[in-house]
Amino acid sequence: MQEILLNVETKEIRMARLRNGTLQDLVLERKKERQLTGNVYRGRVTNILENIQSSFIDIDEFENGFIHISDIVENRKKFEDLYEMDFELVETETKSRSKSKPKSKPKEEIDKIMKIDQPVLVQVLKEPIGSKGARLTSKISIAGRYLVLLPNSPHRGVSKRIEESSDRSKLKKLIRSFEMPKEMGLICRTASRYASLDLLIAEAHDLLATWEGIVEKYHKSKGPSCLYQDSDIIKRAVMLAIDKRYDRLLIDNYAVYRRCKAIYKTYSGEHSLRLEFYRDNVPMFERFNVEREIEKALRHKIWLPSGGYLFFEHTEAMCTIDVNSGRSTKNEKDLEETLVRINLEAAEEISRQLRIRNLGGLIICDFIDMRMRKNQRRVVDYLKDCMKEDSAKCTVLGMSEFGLIEMTRQRNKESLKQMTSTDCPYCHGGGWIKNFETISIEIERELKKLIVIEKQFAIKLTTHPEVNKYLEQVDKAFLKKFAEKLNAHLDFESDDSYHLNEFHFFSSTNGSKLDT
């Protein structure tokens, strides 16, 4: 059974996708951090970087957006990758020109296209992540349920996911017959194969009306502002449930439940979906163990059913995942097959955790070494199969001689950890502090400098109570004797407001601070 749970709170909406009761994917949307991808803005150029052919644009959000020259000039390949389309230019003149030898286009320069303070019409391609602003494009696309309107691109195409040649031919013929301005293009999405001609025509008119509304708002507005907002998490949940043919959509808020029913009514002919209102007093995410899975997804270590475990570690450049045998290899006769089983379990869990944690960028998976090449291929193939379920674009390479698999996953927004956590103020996000022995050695070093160089002979040392307790048991007598050898006197004091790694020296005579 496949189902979607929608948990609605005052400041946050969470969407969980479950298969046979196990969490497969998680999406969080907070009121303060709403999704920007797909939104259209009137922006203002604030800075132009000629060396990287890019510019920063004020879009009236927390951070300025970022646009590259490739997202301004015509880029057919990007459109094909973005929408998984096979595009066809509809104009006969363009087709005839394409048969002749193509003319090389002069290279565009960003400073020739954009000027400081210039108003621009842009759309968000990629969510802001951390301190990085949103990735923008000037190639606007307005998405509907069945069609996508391209207001400033003449391409018309059909989704690659529609594989039936008869369906493709019918849709291609259909979009060619639409009466639209020549400079505009149209895309038939995967769901369009289920839609009637009347539905497609009605949606095309709606998309054109939306575009006209955006243009009107653009001319009326004076400064940076949002002109169009893409669908929110509630509508996306209903559409996902219909597209993926899920069995049930369960909602724990009655107003949202009624809204979901109203959205579903339009598309009810496509798929029979059970929409249910959750009435139990036990919180829905607790009843379905989603809260426990979220807590697990914020940890470094994840245990596997066989007794092995995964260890996740993040760096600035990449995410590394270490697969360990843990307790699973004890008393095993066939060690190779045991290691293969652990690696296969790990491959499935890695794909699931990447979706739940929403990890992106470069990912290195360190699997347990296997002797036989065929077993290595089994693990790689299984990982690739598991990653097919991911809505983010993923690329998985083969396994190296060291048992490493390199992969990339599209980073479309902040990870679960970035959204729900902040750096520890105590260790500043490092996860480590100096141990007591190291602090004791540093105290000795600083004490020697104060006596020998600064000529201070009446000294008081203040530390955290836990450090003071350690010194009492281990080094306090030694430090006192060390000071006496240098004709100085050392007193000790503790202060629970100090950091564990913090210590200071004061004058015993006037109380002034001695160290920097």
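pLDDT is the predictor's confidence in each residue, on a scale from 0 to 100. For this protein, the mean pLDDT is 86, and 92% of the residues reach 70 or more. The structure is a predicted model, in which local features need pLDDT of at least 70 and side-chain atom pairs count only at pLDDT 80 or more, whereas totals for chains, interfaces and linings use all residues. Residues are numbered from 1 along each chain as its sequence is written, and side-chain values use heavy atoms, with hydrogens and water left out.

**Helices H6 and H7**
- The axes (lines fitted to C-alpha atoms over the stretch in contact) of helix H6, residues 233-243, and helix H7, residues 254-267, come within 10 Å and cross at roughly 45 degrees.
- The contact is made by Ile-234, Lys-235, Val-238, Met-239 and Ile-242 of H6, together with Val-256, Arg-259, Cys-260, Ile-263, Tyr-264 and Tyr-267 of H7.
- Sorted by class, the contact of H6 with H7 has nine nonpolar, no polar and two charged residues.

**Tyr-228**
- Tyr-228 is found in strand E14 (residues 225-228), where strands are DSSP runs of at least two residues, numbered from the N terminus.
- Tyr-228 counts as buried because its relative accessibility is 16%, buried meaning under 20% relative accessible area with a 1.4 Å probe and protein chains only.
- Although Tyr-228 and Asn-39 are 189 residues apart in sequence, they lie 5.5 Å apart in space, C-alpha to C-alpha.
- Beyond its neighbours within four places in sequence, Tyr-228 is in contact with residues including Asn-39, Ile-142 and Thr-210.

Conventions:
Axes fitted to C-alpha atoms, helices over the stretch in contact; angles between N-to-C directions. Helix = DSSP H or I, 4+ residues; strand = E, 2+ residues; numbered from the N terminus. Contact = heavy atoms within 4.5 Å. Nonpolar A, V, L, I, M, F, W, Y, C, P; charged D, E, K, R; others polar. Buried < 20%, exposed > 50% of the residue type's maximum accessible area, 1.4 Å probe, protein only.
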